[in-house]
Amino acid sequence: EKGGYPHFMLKEIFEQPNSIYDCIRGRIVNNGTEIKLSGITDHPDRFINASRIIIVACGTSWHAALIGARLFESIARIPAQVEYASEFRYSNPIVTPQDIVIAISQSGETADTLAAIKLAKERGAFVYGVCNVVSSSIARETDTGTYIHVGPEIGVASTKAFTGQVTVLTMLALAIGQLRCTISKEKLTEMAHALINLPELIKETLKLNKNIERLSSIFTYAHNFLYLGRGYNYPSALEGALKLKEISYIHAEGYPAAEMKHGPIALIDREMPTVVIAPTDELHEKIISNIQQVKARGGSVIAIVTRGDETIPEIADHTLEIPPVPECLSPIIVSIPLQLLAYHIAVMKGCNVDMPRNLAKSVTVE
Ligand code: M6R
């Protein structure tokens with residue numbers, strides 16, 4: 001049932017070209033010029049009149065939510081905020097009937113997320129689910145939603161669900177933008193084609209596996225890791241760090257790169273490797289200077305860069321190249337080397353990657 005892979009986690013990482021294909025299938029129509037999500041087309045007024053989007057989730061799904069909020073603001077121009085479901089439910093939140101509350105949950109059974117949407121419904125919000133498990137409690141409790149359709153995820157560490165969630169959130173933002181005319185036809189078509197191209201890019205990125213396996217053996221000694229990223233890849237840094245700590249039991253922290261000098265830089269020494277997510281984008285120069293700051297303090301750097309980057313490979317200790325991809329889709333591609341790095345380090349440390357200690361696949365109690 002592991003399809004020849006030693007662990008479900010590795011199988012699920014390698015399934016991503018297909019799971020993203022399934023996630024997109026039937027939802028990009030008219031020759032790639034239109035996004036069709038029934039959850040939106042059945043309730044156009046809700047989205048046209050929405051004053052705010054509040055996304056509630058936990059763990060990895062919360063990281064996907066951070067990316068989603070950025071997408072909603074930049075593409076659909078709706079103010080968006082992200083809440084930990086466990087905090088939201090006890091915060092007596094201000095929720096109005098003009099608000100759309102989006103719950104993201106792979107399992108659809110997370111107790112805090114379920115309680116958060118019950119509260120949002122009581123307060124009149126329109127509640128939208130982004131789940132994987134069909135007919136799960138959250139899928140049933142929401143007004144409507146979009147399944148990510150990535151197939152069963154068995155490994156406790158979420159991998160293909162995360163990339164599916166980000167893919168659905170991108171399609172949602174595009175579909176709402178299309179409805180509210182906040183995105184041009186050309187831009188929408190360009191993004192739709194980039195989405196269609198994702199399975200190929202993921203396939204290409206998975207070729208890093210052998211390289212990452214070799215690299216991982218160098219880092220099993222570490223007790224702490226720092227992950228840095230900016231913009232759309234700040235949540236990628238959080239997610240990379242969560243993957244590593246969950247399955248390898250190495251302490252890891254994710255930070256927005258520019259925050260490093262406001263504290264975490266004090267931790268950097270030879271013993272503390274830093275993973276820098278640095279695809280070529282508008283703030284590339286700034287992240288190069290973060291790498292130099294880590295190097296100046298004796299820290300080693302594993303950098304994830306866009307193919308063709310000539311500067312970072314000169315200064316980083318190890319470089320992993322990903323193919324070029326639009327900035328807002330880069331977290332999907334970047335997550336592949338981050339998942340593989342956590343996986344191989346954990347396997348080399350002899351950890352049970354599919355069932356890490358103290359963790360359950362779905363957290364149905366508070
Ligand atoms: O099923 P959910 O998406 O609601 O689960 C939320 C978290 O419990 C989950 O993402 C958890 O953080 C994973 N183990 C992360 O790999």
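Select Thr-306 and show what surrounds it. Leaving aside neighbours within four places in sequence, Thr-306 is in contact with Ala-278, Pro-279 and Thr-280, and also with Ile-322, Pro-323 and Pro-324. The residue belongs to strand E11, which covers residues 301-306. Is Thr-306 buried or exposed? Its relative accessibility is 8%, and because the cut-off for buried is under 20%, Thr-306 counts as buried. Keep in mind throughout that this is a predicted model.

Next, select the ligand and the residues around it. The ligand is surrounded by 13 residues, and the closest are Ser-61, Ser-105, Ser-107, Thr-110 and Glu-246.

- Glu-246: a polar side-chain atom lies 2.5 Å from a nitrogen atom of the ligand.
- Ser-61: a polar side-chain atom is 2.6 Å from an oxygen atom of the ligand.
- Thr-60: here a backbone N or O atom is placed 3.1 Å from a ligand oxygen atom.

Now switch to a surface view. How much of the ligand does the protein bury? The ligand taken alone exposes 410 Å², and the protein buries 90% of that.

Move on to residues 111-122, which form helix H7. This helix has 12 residues and reaches 17 Å from its first C-alpha to its last, close to the 16 Å expected at 1.5 Å a residue. Colour H7 by burial: the helix is mostly covered, with nine of its 12 residues buried. The buried residues are Ala-111, Asp-112, Thr-113, Leu-114, Ala-115, Ala-116, Ile-117, Leu-119 and Ala-120.

Centre on Tyr-227. Beyond its neighbours within four places in sequence, Tyr-227 is in contact with Ala-237, Gly-240, Ala-241, Leu-244, Ala-252, Glu-253, Gly-254, Tyr-255, Val-275, Leu-338 and Leu-341.

Conventions
Residues numbered from 1 in each chain as written. Predicted model: local features only at pLDDT ≥ 70, side-chain atom pairs only at ≥ 80, totals over all residues. Heavy atoms only, no water. Helix = DSSP H or I, 4+ residues; strand = E, 2+ residues; numbered from the N terminus. Expected span 1.5 Å × (residues − 1). Buried < 20%, exposed > 50% of the residue type's maximum accessible area, 1.4 Å probe, protein only. Near = heavy atom within 4 Å. Polar contact = N/O pair within 3.5 Å; in protein donor to acceptor, adjacent residues only side chain to side chain. Areas by Shrake-Rupley, 256 points an atom, 1.4 Å probe, with all protein chains shown as cover. Contact = heavy atoms within 4.5 Å.
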